[in-house]
Every structure is written in structure tokens, then in C-alpha cells.
Amino acid sequence: MALQENRRILIKVAQMYYEEGATQSEIADKIGVSRSLISKYLTTARELGIVEITIHDEHDPQYRLLERKIERLYGLREVVCIDSVGLESSKKQLGEAAAQYLLRMMKDGQIIGISSGTTLHEVAKSLNSPQPYPSVTIVPLVGGVGDERVDIHANSLVAKIGDALQANYKLLHVPVMVDSKEAKEVLIRQPSIRKILDLAEKSSIAVVGIGGSPEHSTMVKSYLGSSHQEITQDGGIVGDICYNFIDKFGKSIPNSWNERVIAMEIDVLKKIPLVIGVASGLEKVNAIKAALEGNLIHVLVTDEVTGQALVG
């Protein structure tokens, strides 16, 4: 094929594909060549500069590079990084970003597991979908009853998200923790409770917060009272996920708290196909690193300052 004719056909194929929206098969039929040859023409058109592809990205390219760096460093499926602002503003923006990601990933018929906390409360507040999801079921991954901070309990979040998505939801009517390991075993064997726990284990997607070190945890002080020093003085604990205290490798710590807490266990969480972790703050960096090292999450939604600390 003469050079000029070759260039002409490359331009024609490129215009049909990129400007007119024709498929490669449609172009092949119209021109009378194979589909594989059309694919070769399009590749050649890009190589010769006939076609230039520009991606208009309003997202800060610095964040995009940071996201990719974290993804490669920890083997994550995706990282979403937002601006670092004040504490409450960051949580609100984290919630919005996580809500958008969840809407992008969820499909009809799925079970979505939700943990608890202030950041996930922002996720629940931000969820808004004109499309109903009547075949989706939202379930709690952790217990939570009582009068203290009811708005951030898993049951409250599950109900709020279920209403926002016009989806089904189930509640887990158990406390975060009980007095003994034996009491926990008796409670989780109850048919109505076991049913919800089993349903949570079938989640296609889980959305979880990541808690920082126990000395900063209001959760620990609230539930353990004066005996919380046993936990805060354990130097092996770097944070928690789904109320399970973890070490720097993302493994569950063998202590009285983890024995008594009613929540999805770490080994069960790791079996869920897509776990979205939502967390930011320098006080949580070690906990986030532990979750990443332990392969406890597949996607991280965080802010720029936290992201820089993760690769620093």
C-alpha cells in the first residue's frame, strides 16, 4: 500500500472509530477487511501521531501519582485520595468519596457489610442514589446497642444506608462486647443472631473504618472503663478494624477485648471479595499500614497527608 493511501485509510478508520463511534467489527465489515486488521490500523494511527489521546483529569495529578504509588507499594486494587483539611471536613469529604466509590462498585443482588464509627457515619450521610436497589441487602459487621453515640452504631448506619439506597437491611441486636468469652459464645449461637452473622459473612462488599492506637480510642474507654489500661498498655496493638485490635502485621491480638467483642473476625473479613477501608489522620497511619500489610482491605479512601505518610 502506497504511503499516502496507507495514511488515508488510517485516518478514515480512526475517524470512524473515535469520532463516529463505530465498533471495530462495523468498520471491518464496511471496509471489507478483518477486525484484527482494523485493530492494527488503530494502533498504527496512534504510533504515527495521527491519533493523540488526551485525558482531561480535573483531579490533582499529584494525588493521582500518590494514589498509584500507594497502590503499587501495598498491592491495593485502588486508592482514592482527597484534600487534607480540618478533621471534621476531612471526614465529610472521606464519606463523600467512599459513598461515590461504593455506588460505582455495587451491583443488584449483593450483600453489603457495614462496620461503625464517625467516618462511616459520613459515608451513610453522603449516600444518595436515584436508582433503587431492592435486591441489595445491607448488614452490620459489628454489634452495637445502647444509648451512647447511637448515630454511629452499625445498626443506625445500616438503616440509614438501606433507606438511601431503597434496599433491604438487617439489624444485629447485640452489644459491641459482653462480660466473658463464654457469654459471647452463648449469644452468637442464638438462631436470630447467628442468621445475621452468617449473612454478613456472605457480603460481596464490606465498608470499614480503621481505628487508631487504643490510647486515643474513646471506644476502649467507653466499653472497658477503668480496666482499659490493660489494652492501652499493650504495646503490640496499633489499631483496630471492625472492633478487632490488630498488631503491625494486621493480625488479631489475643487479648480479653478480642475474646469478648461481637464483630466479624479478621480471618472472615479477609474472605470478602471487596473490602473498602475509609480512614485518615496521622494518628492512624500505623493502623492503616497494618491493615494494608495484613491484606485486610482492597481499596483505601484517605487524604493526602495520610497518603504521604504511608509512602514516607
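Is Cys-242 buried or exposed? In this predicted model, Cys-242 is buried, because its relative accessible area is 4% and the cut-off for a buried residue is under 20%.

**Overall fold**

The chain is built from 15 helices and nine strands, and of its 312 residues 49% count as buried. When contacts between residues at least 6 apart in sequence are considered, 69% of them join residues at least 24 apart.

**The loop between β6 and β7**

Cys-242 lies in the loop that runs between β6 (239–241) and β7 (244–246), and Tyr-243 has its place in the loop between β6 and β7 as well. Most residues other than glycine have a negative phi. Cys-242, although it is not a glycine, has a positive phi of about 50°, and Tyr-243, again a residue other than glycine, has a positive phi near 65°. Tyr-243 counts as buried because its relative accessibility is 12%, a value to be read against the limit of under 20% for that class.

Thr-306 is placed in helix α15, which covers residues 304–311, and it counts as buried because its relative accessibility is 1%. A polar atom of the Thr-306 side chain lies 2.8 Å from the backbone nitrogen of Gly-281.

Pro-134, by contrast, sits in the loop between α6 (118–126) and β3 (137–140), and it counts as exposed because its relative accessibility is 55%, where exposed means over 50%. The C-alpha atoms of Pro-134 and Ala-167 are separated by 4.6 Å, although these residues are 33 residues apart along the chain. Leaving aside neighbours within four places in sequence, Pro-134 is in contact with Gln-166 and Asn-168.

| Residue | Relative accessibility | Class |
|---|---|---|
| Thr-306 | 1% | buried |
| Cys-242 | 4% | buried |
| Tyr-243 | 12% | buried |
| Pro-134 | 55% | exposed |

**The second largest pocket**

The second largest pocket has a volume of about 360 Å³, and its lining consists of 20 residues, of which Lys-251, Ser-252, Glu-265, Ile-266 and Asp-267 lie nearest its centre. The elements that give two or more residues to this lining are α8 (181–188), α12 (256–260) and α13 (266–269). Helix α8 gives the most to the lining of the second largest pocket, with three residues. Sorted by class, the lining of this pocket has five nonpolar, six polar and nine charged residues.

**An annotated span**

According to an unreviewed UniProt entry, the annotation "domain: HTH cro/C1-type" covers residues 23–41.

How values were computed. Residues are numbered from 1 along each chain as its sequence is written. This is a predicted model: local features need pLDDT of at least 70, side-chain atom pairs count only at pLDDT 80 or more; totals for chains, interfaces and linings use all residues. Side-chain values use heavy atoms; hydrogens and water are left out. UniProt positions are given in the numbering used here, feature names are shortened, and annotations may be inferred rather than shown by experiment. On a 1 Å grid over the protein atoms alone, a cavity is a set of points where a 1.4 Å probe fits but cannot get out, and a pocket is an open set with protein on both sides within 12 Å along at least five of seven lines; lining residues have an atom within 4 Å of a point. Grid points are joined across faces, edges and corners, and a volume is the space filled by probe spheres set on the points. Helices (H or I, at least four residues) and strands (E, at least two) are DSSP runs, numbered from the N terminus. Ala, Val, Leu, Ile, Met, Phe, Trp, Tyr, Cys and Pro count as nonpolar, Asp, Glu, Lys and Arg as charged, and the others, Gly among them, as polar. Buried means under 20% relative accessible area, exposed over 50%, partly exposed in between (1.4 Å probe, protein chains only). A polar contact is a pair of N or O atoms within 3.5 Å; within protein, one must be able to donate a hydrogen and the other to accept it, and residues adjacent in sequence count only if both atoms are side-chain atoms. Contact means heavy atoms within 4.5 Å.
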